[in-house]
Amino acid sequence: LLIFFTTFYIFFYKKEEVIKIGFVGALTAKYSVLGNAMMNGIVLAFEEENYRINGKKIELIFKDDKKDIELNKKIVNDFIDQGIKIVIGNVTSSMTKISMSIINQHPDMFLISAASASNEFSGIDDQFFRVHVANNEQRFSGFATYINDLGFKKIYGIYDPQNITYTKDYLENFEKTFYKKSQEKFIQYATTEDLEFLVEDIKEKNPDLLLICANSVDAARVVQYLKMKNVKTQIASSEWAMTPAFIENTGKYSEGIIFNIDYDENSKSEDFINFSNKFKKKYNIEPSLYASKGYELARVVIELLKMGDQTELKKNLLIKKEFKGLQDTIIFDKYGDVVRKFNTFKVINGKFEKVE
């Protein structure tokens, strides 16, 4: 009997195969509004599959990088030690750069981000992919035309130095595109850290437009301070700050601020409406840009896993190239960068309203 049951166990018992997917990103502190939104979108997508793809169980492992470089390295190396081949991350471009430096040494791994937009990562044949558009001319062309047509020539750039890989990159690449439209360069770059200096320098240089690239909390803090100090200059912002938290934190001072983004919270797309309803039912809040991007990223990963082995995601992504997004088609190029449609919004009566 012992021999029989031992033989039966060895030859007939099959242990369930598990695919582990790691997430590394900010889940606490000031960038957590992005990380937690992404996590919620990712969870919703895999719940729709009941955490099973092609008969294999999916296990999601979420880790908080705490915006700490050494901790981020440890998390990614722990993922590798566990045999994890798919990593979602990070929330900021600065931290994604750290993860890339490790994962790009492993050709069978796949790193995909819902937020990292630095143009520094573009045009490179590596293991990194993203559903968020890079800071390139394609994404800035319409916005630069809009700004130029409004007559704004003297632009003052303000950026978060804690995520400089993305924030200053955003301003510099917008400036390149804007120069082609207007033959004008930025009159100044400054950080979000010294608000008193900002007020004095802006009043001295008298720009037509302030362009801020910072998260919703820091952008709101800058806007509030400038407005309270009677700075009346028109303000525009990167999509990073375009969250409900921005309007909540700025209140009346958010009125009239301009955003450019590849997302519309009032989209009439059937896929987006279905997603939005499911998201609100599960979390009792409206989905943000980053919740939507997290969900889209997860759907891309799910579709790739249905196509083949977890070590072949890069190959299968480059074969398929086009994926259905919530509001548009996500088109990857050979380097894992995407092309998406952008729209301009303005805060009107406390809401983000699309402008032509």
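Student: At roughly what angle do the axes of helix 2 and helix 11 cross, and what is the resulting relation between the two helices?
Tutor: In this predicted model, helix 2 (residues 32–48) and helix 11 have axes that come within 7 Å. Their crossing is right-handed. The angle is roughly 40°, and the two helices are therefore oblique to each other.

Student: How do the residues in the contact of helix 2 with helix 11 divide by class?
Tutor: Helix 2 contributes Leu34, Ala37, Met38, Gly41, Ile42, Leu44, Ala45, Phe46 and Glu48. Helix 11 meets these with Tyr290, Ala291, Gly294, Tyr295, Ala298, Arg299, Val301 and Ile302. The division is 13 nonpolar, 2 polar and 2 charged.

Student: Helix 11 also meets helix 10; what is the relation between helix 10 and helix 11?
Tutor: The axes of helix 10 (residues 270–283) and helix 11 (residues 289–307) come within 12 Å. They cross at roughly 110°. Angles of 65 to 115 degrees count as roughly perpendicular, and helix 10 and helix 11 are therefore roughly perpendicular.

Student: Which residues make the contact of helix 10 with helix 11, and how many of them are charged?
Tutor: From helix 10 come Phe272, Phe275 and Phe279, and from helix 11 Ala291, Ser292 and Tyr295. By class, this contact has 5 nonpolar residues and 1 polar residue. The number of charged residues is none.

Student: How far apart are the axes of helix 5 and helix 6, and what does their angle make helix 5 relative to helix 6?
Tutor: Helix 5 (residues 137–149) and helix 6 pack with their axes 8 Å apart. Helix 5 passes helix 6 in a right-handed crossing. The angle is about 55°, which makes helix 5 oblique to helix 6.

Student: How many charged residues does the contact of helix 5 with helix 6 have?
Tutor: On the helix 5 side the contact includes Glu137, Arg139, Phe140 and Phe143. On the helix 6 side it includes Tyr170, Phe174, Lys180 and Lys181. By class there are 7 nonpolar and 6 polar residues, and the charged residues number 4.

Student: Which strands form the edges of the sheet of 7 strands?
Tutor: This open sheet has the order 8-7-9-10-11-15-16, with mixed pairing. An edge strand pairs on one side only, and those strands are strand 8 (188–191) and strand 16 (351–355).

Student: At about what angle does helix 7 run to strand 7?
Tutor: Helix 7 (residues 195–205) lies across strand 7 (155–159), strand 8 and strand 9 (209–213). Its angle to strand 7 is about 170°.

Student: Through which helix does the chain cross from strand 9 to strand 10?
Tutor: Strand 9 and strand 10 (residues 234–237) run parallel and are joined by 4 bridges. Leu211 has Ala236 in strand 10 as its bridge partner. The crossover is right-handed and passes through helix 8 (residues 216–228).

Student: Through which helix does the chain cross from strand 10 to strand 11?
Tutor: Strand 10 and strand 11 pair in the parallel sense over 2 bridges, and Ser237 stands opposite Phe259 in strand 11. This β-α-β crossover is likewise right-handed, and its helix is helix 9 (residues 244–250).

Student: In which sense do strand 11 and strand 15 pair, parallel or antiparallel?
Tutor: Phe259 stands opposite Phe345 in strand 15. Strand 11 (residues 258–261) and strand 15 (residues 343–348) pair over 4 bridges, and the sense is antiparallel.

Student: Why is one side of strand 12 and of strand 14 left without a neighbour in the sheet?
Tutor: The open sheet concerned has 3 strands in the order 12-13-14, with antiparallel pairing. Strand 12 (322–324) and strand 14 (338–339) stand at its edges, so each has a single partner strand.

Student: Which peptide bond is cis, and what is its omega?
Tutor: Asn90 lies in the loop between strand 4 (86–89) and helix 4 (93–103). The cis bond runs from Gly89 to Asn90, with omega near -10°.

Notes: Residues are numbered from 1 along each chain as its sequence is written. This is a predicted model: local features need pLDDT of at least 70, side-chain atom pairs count only at pLDDT 80 or more; totals for chains, interfaces and linings use all residues. Side-chain values use heavy atoms; hydrogens and water are left out. Two strands pair if DSSP finds at least two bridges between them. Contact means heavy atoms within 4.5 Å. Axes are lines fitted to C-alpha atoms, for helices over the stretch in contact, and angles run from 0 to 180 degrees between N-to-C directions. Angles under 35 degrees count as roughly parallel, over 145 as roughly antiparallel, 65 to 115 as roughly perpendicular and the rest as oblique. Ala, Val, Leu, Ile, Met, Phe, Trp, Tyr, Cys and Pro count as nonpolar, Asp, Glu, Lys and Arg as charged, and the others, Gly among them, as polar. A crossing is left-handed if the near helix is turned anticlockwise from the far one by less than a right angle, and right-handed if clockwise. A crossover is right-handed if, with the strands pointing away from the viewer, the path from the first strand over the helix to the second runs clockwise.
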